[in-house]
Amino acid sequence: MCGIIGYSGHRPAVPLVLEGLRRLEYRGYDSSGLAYAQAGGLRVIRAPGKLGALEDRVASEPNLLATTGMGHTRWATHGLPVERNAHPHMDEGRTLALVHNGIIENFQEIRSELAAGGCRFQSDTDTEALACLIARERRSAPSLLEAFARALRRARGAYAVVMMAAEEPDTMYAARLSAPLLLGVGAGECFVASDIPAFLPYTREVVFLEDGEVARIHGSGWELLRLDDLAPLVRMPQHIAWDMQAAAKDGYKHFMLKEIMEQPRVVADCLSGRVAGGRVLLPELDNLPVPARLRVVACGTSYNAGLWARHLLEGQGGVPADVEIASEFRYRRPLLEPEECVLVISQSGETADTLAALRLARSRGCRVIGLCNVVGSSIAREADAVLYTQAGPEISVASTKAMCSQMALLVLLAIYYGQRRGLAGTESSALLDALHAVPVMLRENLPSLRETAARLARRFAGARSFFYLGRGPAYALAQEGALKLKELSYIHAEGYAAGEMKHGPIALVDPDFPSFVLALDDPFLPKVLSNIEQVQARQGKVIALMQRRPPGAPADAPVGALPSPEVDEPWYLPAAHPLTAAFLALPALQLFSYEMADYLGKDVDQPRNLAKSVTVE
């Protein structure tokens, strides 16, 4: 997803905007640009590629005295990632400039209408059509605000837009529909951005815009209005506890590595205040009934977290659970019963398909629980109840600590439901004890996991494809491991339920097609060992992620005792509870992908073609 930052106040706007764009780089982009008001007009500077190219162009600009400006990092939707398609876009008369996240679905209709009236376009984008529509509306509208609102009422789709105009050089107008946008309120200054880190060094007082709202921002204040009638709205800012230290690399080479290494704290924070006297406390859900069936709906890594938790929700919670990809769920006609509940999982709380699934479920009369990380996000506001993962800001595009925090909270949710159904017993107590041991276990083992990951990455860096295999809960981890390898190193990888290998995929195995097998100490281990034998019988190389001592081994067995069969690369994890072993396997998979990508010279924090939050279809 693209990044937006706007500023009006008493500071020089251009360097502040560039600084804000730097903090939004994690969102993924292919071009950038900024606009500022000076000498009675608007100046727009744009460049394809990384922010360095834009900074080089800005460096040649004289007398950057403007105190109002806005910037944008673009991820191409309409048109190639070239300068003419970069934001900000101006109208034909260069009277106003616009930055935009999202997609205007009826832009071709608007563009054709404007072209018929003589408008000439300079780009291939939907955003330019919107800018020109605002300029046309300005000819008859009594105010710039009214022209802005009239144009947006015509737009269909999703948008977060910010506009500057020469006639009001110290003011910005902003609006949102199905794309995140928020205000930062400081002393004698205001910010508008697509995400909090853009202005975090200056203020932690945040106002979250809702769909169908317009904001007018200037250095001396801000106001909110309804888009449909421009009636004023009253909303108090919220204080955000994040700080820039949490969003800085702290000496790590990449944000991704830092966020992997933060997982001990993430699990501890997730548990804090949620367990007392051997019971799980989730007061957010106490007024909701235990669902007769739980539909878990998510995308990407969040989907894999839900898939991993299905066994727990059914086994520990006693709640039948279905796990579905949000983009599939929203486009069919799911048969939802009122006594069911839909659990939507999203790190950002803004994932477009997941948010649409939430709205579909609510329209069918189902209660919806949101599980997300970002306070004030759309999912958090629209769900009947929300569970915050409390993972802190996640900057790297590849999600790591978010999944870890989701898994921890899903364990608590399963035990919570089991307690309410009267099913909790010694098994749940043992699982809670094991979960409390995870932070220390992670802290002690992450350094050695990284060392092994680096060695294995160098051995297998020449592979063109990988299988990731697992059974039971480990199948979801196999899918996540394959996803991480693909998105970071661009090596083709597929996650499979190990028992499905014989139904076709095993035909691909050969000496140059390695398999990464999760062989954890759980009831599925004998079957997984059999799958390893089948792969090795076809001369396939195997990395096997195993625990220190196999089931049934004598207590005095040496550390590193191998289950049969021997494998090419055994990778040992310490002994752990069968379910919490996943909290060690997950960072092992993440570190393998990280070290592989870093060794191959890839852009770890900003993989090509990817964005942090997918807020458009």
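Me: What is the order of the strands in the open sheet, and how do they pair?
Reply: The open sheet has seven strands, ordered β5-β6-β7-β8-β12-β13-β14, and their pairing is antiparallel. This is a predicted model, in which local features need pLDDT of at least 70 and side-chain atom pairs count only at pLDDT 80 or more, while totals for chains, interfaces and linings use all residues. Residues are numbered from 1 along each chain as its sequence is written, and side-chain values use heavy atoms, with hydrogens and water left out.

Me: What makes a run of residues a strand or a helix?
Reply: Both are DSSP runs numbered from the N terminus: a helix is H or I over at least four residues, and a strand is E over at least two.

Me: Why do β5 and β14 stand at the edges?
Reply: β5 (89-90) and β14 (232-233) each have a single partner strand, so one side of each has no neighbour in the sheet.

Me: How do you know that β13 and β14 pair?
Reply: Two strands pair if DSSP finds at least two bridges between them. Two bridges join β13 (residues 221-226) to β14, so the pair meets the definition. Leu224 has Leu233 in β14 as its bridge partner.

Me: Which helix packs on the sheet?
Reply: Helix α5 (residues 144-154) does, touching β6 (96-104), β7 (157-165), β8 (168-177), β12 (213-218) and β13. The direction of α5 makes about 25 degrees with that of β8. Contact means heavy atoms within 4.5 Å.

Me: Why is Val397 called buried?
Reply: Buried means under 20% relative accessible area, exposed over 50%, and partly exposed in between (1.4 Å probe, protein chains only). Val397 has 7%, so it is buried. Val397 sits in the loop between β22 (385-388) and α12 (401-420).

Me: Is Leu230 buried or exposed, and what makes it so?
Reply: Leu230 has 16% relative accessibility, which is under 20%, so it counts as buried. Leu230 lies in the loop between β13 and β14. Leu230 has a positive phi of about 60 degrees, and is not a glycine.

Me: Why is helix α1 described as largely enclosed?
Reply: Eight of the 11 residues of α1 (residues 13-23) are buried, so the rest of the structure largely encloses it. The buried residues include Ala13, Leu16 and Arg23. They pack against β1 (3-8), β2 (31-38), α2 (51-59), β4 (68-74) and β10 (190-193).

Me: How do the axes of α12 and α16 cross, and what is that called?
Reply: The axes of α12 and α16 (residues 582-599) come within 11 Å and cross at roughly 165 degrees. Angles under 35 degrees count as roughly parallel, over 145 as roughly antiparallel, 65 to 115 as roughly perpendicular and the rest as oblique. The value is over 145, so α12 is roughly antiparallel to α16. Axes are lines fitted to C-alpha atoms, for helices over the stretch in contact, and angles run from 0 to 180 degrees between N-to-C directions.

Me: Which residues of α12 and α16 meet?
Reply: Met403, Cys404, Met407, Ala408 and Val411 in α12 meet Ala582, Phe583 and Leu586 in α16.
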